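The following report describes a protein chain for a reader who is new to structural models. Please view the sequence and the structure before reading on.

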Amino acid sequence: MDLRTVLLIILAVAAALTIVFFQYFYKNPRKGSLKIILAALRFVTLFCGLLLLINPKFVSKDYFVEKANLILLVDNSTSMEDASTTSEISQAIAQIKADDDLSERFTIHQYGFGNTITVTDSVNFNQGNTDVSNALSTLNDVFVNGTNAIVLFSDGNQTLGRDYEYINLNKNSTIYPVVVGDTTQYEDISVGLINVNKYAFLRNSFPIETSIRYHGSRPVSSTVTISINGRRVHQERVNLNSTKNSQTLNTLIEAQSVGIKTIKIEVGVLENERNTINNSKETAIEVIDEKTNVAIVSDILHPDIGSLKKSIESNEQRSVTLLKPNASQSVLEESDLIILYQPNRNFRSVYEFLKNSGTNYFTITGSKTDWNFLNRVQESFTVSGSRQPEEILPILNNAFGLFGLGEFSVDGFPPLNGTLRDIQLNKDNETVMFQQLQGVDLDKPLFAILTESNQKEAVLFGENLWRWRAQVYRNDQSFQKFDEFIGNLMVYLGSNRQRNRLELVYELVFDNANMAKIRASYFDESYQFDANADISIKVEGVDNDFSRISPMLLKGSFYEVDLTDLDAGEYNFTVTVQDENLKRSGAFRILDFNPEKQLVSANYKKLGRLAANNKGQLYFLDELEDLQSDLTSSNVLLPVQKSRDNVVSLIDFRILLGLMILSLAAEWFIRKYNGLI
């Protein structure tokens, strides 16, 4: 108890005595023992109240010994099966735990890791990946205080996460890697990373990029073969040596049919090569046929039609068919998008088809357009007024944002032939270009997109579009900018995608089962996320009789199912929302690829650099006794004696309150009994 508190207590005694003196003794003629009893009770009350205000405390020190943390971190990945046995690692851990000197000096913890890190007391080599960096970073966050020694049992081969070699733990932590496995470096040739697009278009060529790696000292030569669904499509010879130990191959392959295609890249086995699992690797790509069929319907011949056809077909995924207005409905149904060039009365059946089918369309008007018919047959826009022909210059609307215009510009473009008419757009719209007439900017659309209904429409109020394509070529010696502009328009008008209430997110191909997860988002009728839905998924094997129905679990803003227990192969699935008529189906493939089997030699050099960066030392499994001896004799990893200050109140406030109540009650009864109240 400090001096200040003692002085306050003495002051409290003096204050209580002073108050009692003035209440009971100063100029008080009453004599006898009753006055002394009442004064004593009043003193107790006042003194207890003042003690409550002072709240005197004293500090006691507790001394204790804090041991350093000895963390046994075991690599539980499947690659450890070839490097050691579970009994061998278990015996090593048991030997450390049974060391009395270590137990006296350290608090021992055991963790296992693979994809993630967990507290464990057993060794199981069943993890499909190795993430050393995540395990070390997690321990660094958990053991913030105190001195820590991490003994890492691993072969040093990591398949996930950032490079653990460059991890630096806090200053109180030291890493002692124990190398498990064969450290002999064998001659090995392998297939490295494969880069391929997720999708390819039918009859287009898609690139495949891969690297061939070699570990060895002599020059070698081997053949690389690329196969798609078991059919060889490319073969190439590579020559490598100790200096040129990798080579990147770039190949273009034509997509010849629709569907998910398995791509297998193999490199020939070297003589006496020990690890042949990494001589091949698989990936996959989905070939899709998203060719857009565009029909240009016209009753006249015009250079614009040929210009549009060439521009649209500059992308191989689009084809153009030239039709007359009397084309049958079955022919029109084959089109994804229809361009109406200068419609007249003969287009009546075409407009009826558009109204019934909801097909998107693009209207181009000009000098041969029947305006009276056009105003009657559709409700998207109305054109009235003078029929005087005019040459109209385009003014690009820089605020247009429905689709990208790229580098397209109309500066210096020749005019289109149109008419000086009043144009009224009757639906929500965005203007791509405005009209300019004789140097005057008119607040009239020349080119507009109508956006109100699910049926997408575009309208151009002018002919001789071919002049613009020619002007682009004159400026750049290429039609590219104009063709890209028309291409972007075709992509926008050709898309009919609407938002679904049930959305799925998944990969078409999973490299291995550990990554196989499917997510779903379900929205109610107002398109608000519904967190109370009952969603299930049915997964069926294509090549076997496997079938399973599982619930999809809510995880924040989506539902998810874990399919990591599935074997390699092809699967179909259907996601169903119970009590709703909503289903979505899909397919995926799980590749038979084990990243843990790609390397057979322990990477002791990397583990050694990790130890050097974190004040530790590298050991091998047969040097376990040296590790124990070094841990026991370390001058850094010593138990530390610490003290803890315990602040305790001198008197329990409940006792003081009880004394106050008793003294006040006693004083009141005595005064009442003696008629002093």
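In the protein chain, confidence is highest in strand 17 (residues 337-341), at a mean of 95, and lowest in strand 36 (residues 640-649), at 72. These values are pLDDT, the predictor's confidence in each residue, from 0 to 100. The mean pLDDT of the chain is 87, and 98% of its residues reach 70 or more. The model is predicted, and local features need pLDDT of at least 70, side-chain atom pairs count only at pLDDT 80 or more, while totals for chains, interfaces and linings use all residues. Residues are numbered from 1 along each chain as its sequence is written, and side-chain values use heavy atoms, with hydrogens and water left out.

The protein chain holds 15 helices and 36 strands; these are DSSP runs numbered from the N terminus (helices: H or I, at least four residues; strands: E, at least two). The chain is more spread out than a compact globule, because its radius of gyration is 42 Å, well over the 26 Å that the globule rule gives for 677 residues. This radius is taken over C-alpha atoms, and the rule is 2.2 Å times the number of residues to the power 0.38.

Two residues other than glycine have a positive phi.
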